[in-house]
Each structure stands twice: as structure tokens, then as C-alpha cells.
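Please read the numbered points alongside the model.

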Amino acid sequence: MTMTHMDFRAALAPVFRLPVPALPVLALVLAVALLPGCGRDGEHGSMAADSAQRIEIWAHAGREEERRTLEAQIDRFRAERPEVRVDLTWIPEGSYNGQVQAAALAGRLPDLLEFDGPYLYSYAWQGHLRPLDDLLPAGLREDLLPSIAAQGTYRGRLYGIGTFDSGLGLWGNRTRLRAVGARIPDDPGDAWSGDEFDALLERLARDDPDGQVLDLKLNYTGEWFSYAFSPLLQSAGGDLVDRAPGGLASGTLDGPESVAAMAAVQSWIRRGRVDPNLDDAAFTRSRVALAWGGHWNFPGYHAALGDDLLLLPLPRLGEATVTGQGSWQWGITRRARDPELALAFIAFLLRPEEVLAMSEANGGVPATRSAVRKSELYGPGGPLRLFARQLEEGYARPRPRTPAYPVISDAFARAFQDIRHGAEPVQALGWAARRIDRELRDNRHYPEVAGTAR
């Protein structure tokens with residue numbers, strides 16, 4: 001299976017997504033009032049409209065396999081709890097955030113809301129979400145992967161829980177790596193150093209017709225750049241922004257560590273080691289020996305390479321490799337009629353068999369340790385075990401947990417493109433840092449005020 005960058009955005013939205021231009025607020029408010037399932041029997045509702053036990057759910061209309069799986073999960077939940085009415089409304093992904101904001105303005109949020117991970121911080125800060133700490137059983141929280149808990153936490157409170165996470169690493173062609181005598185890292189702690197990776201690219205290039213041996217997925221767009229390459233900054237000791245309270249991007253995003261990381265990426269491109277991957281087939285057609293990528297690449301890559309396919313950690317530019325993570329999550333709104341009932345539905349989705357059902361549908365890393373152990377792909381000996389280990393063992397970093405994240409991500413993506421096309425990293429990152437700082441200062445670093453996260 002191969003994908004264009006547009007297919008990637010549409011089919012793999014559970015992994016990450018940037019905000020898109022919203023419709024005017026008034027238009028969205030009117031659209032919310034007309035949403036199917038809002039305020040009346042939904043597709044899965046069968047009891048009287050005034051039922052005391054009711055859950056109204058909004059979910060993103062992602063891949064067909066995910067929609068079918070969630071609908072089947074709701075059916076199984078209702079079979080166990082026939083006294084509960086469940087109303088499910090699908091929201092188009094392109095307008096999802098805009099419709100949520102309009103519904104909040106109109107006082108029409110549902111009980112249970114699904115949202116892309118980075119949006120959690122805006123929703124929590126605006127006061128739309130209820131903290132889950134006092135509802136979630138200790139055993140269930142302990143079963144969550146650390147990355148799931150980290151992404152769902154804002155200012156010390158847990159607001160969101162995902163049923164799957166994402167995996168990021170390097171895909172390798174075993175035959176081509178062996179041909180140049182490459183050392184094969186066995187685990188995240190054994191990742192190639194920056195110098196070792198650089199030398200490996202040169203050895204591979206000597207046996208390659210055009211010298212292009214690495215795919216960075218430059219054909220992808222938007223959120224890919226922050227998701228895929230901020231871990232390289234963090235590995236070097238930098239970051240997108242200083243994450244301390246009141247921290248800014250200046251001095252961090254344009255600091256020497258981050259600049260050095262992006263200079264390394266630029267050098268790979270300048271030296272002709274990176275395939276532009278315009279057809280999204282650089283790795284499957286063996287034009288390159290290495291490909292930056294994630295769990296969603298596995299089906300197509302395995303079909304093309306079979307046993308020659310290797311999954312490796314990203315190179316480390318400092319003491320340790322760092323990987324990306326993030327997924328869609330579930331949160332309970334402050335308008336929920338029965339928060340404990342809403343939590344019961346989330347707990348149902350986190351049962352090992354339900355987590356594995358969604359993981360099978362979208363290929364994501366199972367969100368709980370118990371499900372990972374039972375997974376053929378991510379459990380011990382599985383071909384994608386590295387992705388789970390990275391999330392379990394502390395190699396993953398959540399993207400900055402601030403309502404400013406959409407601006408942070410967009411600024412870095414623009415800087416990445418400028419650097420790719422020859423701009424000096426210190427200048428491109430300096431521009432991005434100043435833009436982010438303006439956002440943070442204009443909003444006074446999003447202080448906690450009446451009606452916001454608490």
C-alpha cells in the first residue's frame with residue numbers, strides 16, 4: 001500500500017493533525033444546532049428520549065475501519081448496559097475543532113468528546129473538560145502507557161485518555177544495511193549516534209546510483225514536521241519551546257542544540273542523501289535503504305520487503321534517542337450529565353480486547369500495558385515491539401502541553417521548509433521562536449483564570 005501526502009492526511013488523522021481554517025463562528029453555531037444525533041435519538045439510541053442514563057458522544061469521522069470498530073464497541077457496551085442510551089455523532093475531521101468551539105459557545109457540548117491530543121490543552125484551559133483524576137480507578141491508570149498519561153495531562157491534572165498511541169522510528173532494508181557492514185541497533189538504548197548515522201549514509205551512498213539513501217517523508221505536510229523532527233531537537237538537548245512555567249521559544253528553539261540538530265538535517269539534504277519521495281515509494285521501491293516513519297507504514301513496507309524489513313530507533317544527537325507520540329483521546333466535558341457513566345464507557349474501551357480491536361483497525365500502538373502484552377505486533381517478539389518499548393521506557397516526549405501548540409507546530413513546520421530549501425537554521429528557527437513568543441506573551445502564557453482549567 002502506498003499513499004500520497006493527501007492520502008496520508010486523510011487516512012492517518014488518528015496520529016496527528018493541525019487545525020484547519022475554521023468557518024465563521026456564527027455559521028458553526030448554526031451547524032451545531034443541526035448536527036444529527038444532537039438532542040434527539042442517535043443511531044445507537046433505543047430508549048426513551050428522557051432516559052436518565054444517557055451518554056452523548058462526539059467522535060471524529062476518520063477511517064472507515066475506525067468508525068466501524070467504534071460502532072461495534074458501542075453495540076457491545078449497550079449489550080452489557082441495556083439501560084443506557086448511547087447517542088453517537090460523527091463530526092467531519094476538517095471542521096472538528098471549529099464545531100467543538102462553536103458547540104461550547106452555544107452550550108451544546110456532549111457528555112463525551114474525542115479530540116486530537118494537542119487540542120486537549122486548549123479545551124482544558126478553556127474549561128470545557130472535566131479532570132478525570134477522581135474518577136479513574138488506580139489500577140486502570142497504572143495500566144496506561146506512560147505516554148498516554150503524559151499526553152492527557154495538563155497542569156498536573158489528567159483530562160484525556162487515548163485507546164491507542166503512535167510509533168515513530170527508522171525503517172531499514174536489512175540486505176542493504178548488511179552489505180555495508182552497518183551495526184544494527186537492538187533497542188532504543190543502542191541507537192546510532194549522530195556521527196555513526198552520518199557515516200552510514202555515506203557508506204550507503206557509495207553503492208547507490210544517485211546517492212539518495214534516506215527518506216524523510218518530505219512529501220508529507222503540516223504536523224508531520226513537528227511530530228517527526230522535534231524529537232531530533234530534543235535528543236540534541238533542544239526543544240520547540242522552554243517547557244518551564246513562563247518559558248519561551250527564544251533561546252530554546254533557536255538555541256545551539258536545536259540549531260545543530262536542524263543543521264544536521266540540512267546537511268543530509270544538501271549532500272544529496274535524501275530522496276524527495278514525490279511518489280511516496282522511495283522505500284518500497286528500494287531507492288533508499290532507510291526511511292523516517294511510523295506505525296502506519298508497516299503494512300506497505302512489510303508487503304514490499306518481507307523479512308528484509310527492519311524497525312530501528314531514530315539516531316541520537318545527544319545522550320539518548322527520543323521519539324514522537326500522540327493520538328486521539330477521550331475526555332469528559334463539564335456539561336456531562338453523569339461523569340461516572342461517561343467514565344464507565346471509557347473504561348470499557350480500555351479493556352484489553354477493546355484496545356486490541358481498535359489497534360487492529362488503525363494499526364496504532366495499544367494504549368495499555370495489558371493490551372500490549374497480548375498484541376501479536378507490539379508484544380514480546382512482535383515486529384513492532386520497538387514502538388511499544390519506546391513508549392513504555394521513557395523515550396517518548398509529548399508535544400508541548402500548551403494551548404499555544406498549534407502556533408508552535410505551524411511555526412516550526414515553516415522553519416523546517418525554509419531550512420530544507422537552504423535558509424540558515426539559526427535564522428529560520430529564530431523567526432519561528434519570535435512568532436511563538438508573541439503568541440505566548442499575547443496570551444500571558446495562558447494563566448488560570450475563572451472559568452478555565454482547574
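1. Two strands are taken to pair if DSSP finds at least two bridges between them. Helices (H or I, at least four residues) and strands (E, at least two) are DSSP runs, numbered from the N terminus. The model is predicted: local features need pLDDT of at least 70, side-chain atom pairs count only at pLDDT 80 or more, and totals for chains, interfaces and linings use all residues. Residues are numbered from 1 along each chain as its sequence is written, and side-chain values use heavy atoms, with hydrogens and water left out.

2. Five strands form an open sheet with mixed pairing, in the order β9-β8-β10-β7-β11. The edges are held by β9 (274-275) and β11 (309-312); each has a single partner strand, so one side of each lacks a neighbour in the sheet.

3. Strand β7 (residues 168-173) pairs with β11 in the antiparallel sense over four bridges. L170 has L312 in β11 as its bridge partner. Helix α10 (residues 224-236) packs on the sheet, touching β7 and β10 (contact: heavy atoms within 4.5 Å). The direction of α10 makes about 115 degrees with that of β10, where axes are lines fitted to C-alpha atoms, for helices over the stretch in contact, and angles run from 0 to 180 degrees between N-to-C directions.

4. Helix α9 (residues 194-206) lies across β7, β8 (214-215) and β10 (290-294), and runs at about 125 degrees to β10.

5. Elsewhere, helix α3 (residues 64-80) packs with helix α14 (residues 352-362) at an angle of about 160 degrees, their axes 8 Å apart.
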